[in-house]
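The following exercises are intended to be worked through with the sequence and the three-dimensional model at hand. Each task is followed by a solution in steps.

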Amino acid sequence: MPFRADARESRILAVTALLLGLAATLGYLEAVLIPPLPVPGLKLGLANTAVVVALATVGPSRALAVSLGRVLLVGLATGSIAGPTIAMSVSGAVGAWIAMALLANASSDFSVVGWSIGGSAANAVSQLAAATIVTGSAAPLMLLPLSLGLSLPTGIAVGMLGGLLISRVPRLTLSTASG
Amino acid sequence: MTRADIKLLFFLVLATVLAVPASSMAGGNTTGDAVIFGPSGTTTVSLDSPATYVIEGRIGQVVFEVRDGALECTSSTCKDKVCVHMGWVSPGHPVVCAPNGVSAMLVTGPNGAGEGELDAVSR
């Protein structure tokens with residue numbers, strides 16, 4: 001039925017846009033309010049909460065759109081879009097999305113917390129790999145243990161927040177799952 | 001958290017722990033020099049005497065100072081100043097200013113370099 005299909009697509013589009021707005025807002029607030037940690041590219045990653053929720057509710061391709069859209073919007077808002085660090089942000093976003101999408105597809109044994117842990121670790125590794133290219137030296141790779149170690153608690157926290165959001169906002173899931 | 005989540009977390013913690021010695025001991029002992037990488041080239045810095053090095057980065061200048069036999073990033077034109085907050089350059093702990101494309105790390109040699117003696121002789 002064309003009407004039903006259109007309504008479903010509209011709902012998915014609306015949820016995706018909502019999550020993009022949430023991701024951009026959280027990303028901007030984190031960039032403005034929380035002081036940067038002394039490791040390049042390492043952040044709390046609150047914006048990733050929306051990406052985790054997007055992966056669980058609207059699927060991997062739209063989750064990638066939320067993630068990259070957030071990087072673009074936060075980059076525009078903070079003025080970092082013209083700088084070389086945008087390569088690190090894009091690299092981290094894509095790396096995290098690949099890891100989370102793989103974990104989500106690999107097995108139903110992983111929960112959103114597992115996706116988030118994997119995504120956070122992949123984000124840290126991808127950002128340092130991009131920093132290595134940007135700086136033209138292997139120095140950033142020496143920060144890998146610190147960056148990877150700090151990414152794990154943030155991944156757990158973001159995953160738990162995402163799981164809480166999914167459970168407390170059931171209509172978010174129903175609106176797309178029921179079609 | 002599910003059992004699979006805990007297994008993944010354990011694997012990543014193990015990877016982190018295993019990466020620590022690989023990072024801190026990469027290349028062996030320090031030689032008493034540091035090296036600063038920038039868009040305009042590489043600068044080797046002696047840590048023996050106090051000095052100030054101004055490196056031209058992609059968006060401005062990054063200033064390094066040698067004090068008390070150690071190298072520190074003291075100012076930068078980047079927005080977040082992550083490099084300034086990273087503190088002193090130490091073994092396994094470089095200072096990186098990604099917006100400027102500048103990084104600094106200690107120069108390392110093979111184990112035993114700087115001590116003037118061999119650890120072992122194999123025949």
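## Exercise 1. The surroundings of Ala50(A)

Beyond four places in sequence, Ala50(A) contacts Leu19(A), Leu22(A), Ala23(A), Leu26(A) and Val66(A). The model is a predicted one.

**Task.** Determine which residues of the largest nonpolar core touch the most other members, and which element gives the largest share of this core.

**Solution.** 
1. The largest nonpolar core holds 75 residues.
2. Within this core, Ala23(A) and Ala50(A) touch the most other members.
3. The largest share is that of helix 5 of chain A, residues 112-135, with 12 residues.
4. As general background, nonpolar side chains tend to be buried together in soluble globular proteins.

## Exercise 2. Confidence along chain A

**Task.** State where in chain A confidence is lowest and where it is highest.

**Solution.** 
1. For chain A as a whole, the average pLDDT is 86, and 92% of the residues score at least 70.
2. The lowest confidence belongs to helix 7 (residues 170-177) of chain A, with a mean of 54. Helix 3 (residues 60-78) of chain A has the highest, at 93.
3. In residues 174-179 of chain A the pLDDT falls below 50. This stretch has 9 contacts in the model beyond near neighbours in sequence.

## Exercise 3. The fold of chain B

**Task.** Describe the secondary structure of chain B and the order of elements along its sequence.

**Solution.** 
1. Chain B contains 2 helices and 7 strands.
2. Along the sequence, these elements follow the pattern α-β-β-β-β-β-α-β-β.
3. Of its 123 residues, 28% count as buried.
4. Considering contacts in chain B between residues at least 6 apart in sequence, 41% join residues at least 24 apart.

## Exercise 4. Phe37(B) and the contact between the chains

**Task.** Decide whether Phe37(B) counts as buried or exposed, and identify the residues that it touches beyond four places in sequence.

**Solution.** 
1. Phe37(B) is part of strand 1 (residues 30-38) of chain B.
2. A residue is buried if 20 or more other C-beta atoms lie within 10 Å of its own. Phe37(B) counts as buried because it has 21 C-beta neighbours inside 10 Å.
3. From chain A, Phe37(B) touches Thr135(A), Gly136(A), Ser137(A) and Ala139(A); from chain B, it touches Thr42(B), Val102(B) and Ser103(B).
4. Although 67 residues separate Phe37(B) from Ala104(B) in sequence, their C-alpha atoms are 6.1 Å apart.
5. The contact between the chains takes 30 residues from chain A and 32 residues from chain B. Helix 1 of chain B gives the largest share of the chain B side, 12 residues.
6. The chain B side divides into 20 nonpolar, 8 polar and 4 charged residues.

Technical notes
Residues are numbered from 1 along each chain as its sequence is written. Chains are lettered from A and ligands numbered from 1 in the order in which they are written. This is a predicted model: local features need pLDDT of at least 70, side-chain atom pairs count only at pLDDT 80 or more; totals for chains, interfaces and linings use all residues. A nonpolar core is a set of buried Ala, Val, Leu, Ile, Met, Phe, Trp, Tyr and Cys residues joined through C-beta atoms within 7 Å. A residue is buried if 20 or more other C-beta atoms lie within 10 Å of its own, exposed if 12 or fewer, and partly exposed in between; C-beta atoms are placed from the backbone. Helices (H or I, at least four residues) and strands (E, at least two) are DSSP runs, numbered from the N terminus. Two residues are in contact if their C-beta atoms, placed from the backbone, lie within 7 Å. Ala, Val, Leu, Ile, Met, Phe, Trp, Tyr, Cys and Pro count as nonpolar, Asp, Glu, Lys and Arg as charged, and the others, Gly among them, as polar. pLDDT is the predictor's confidence in each residue, from 0 to 100.
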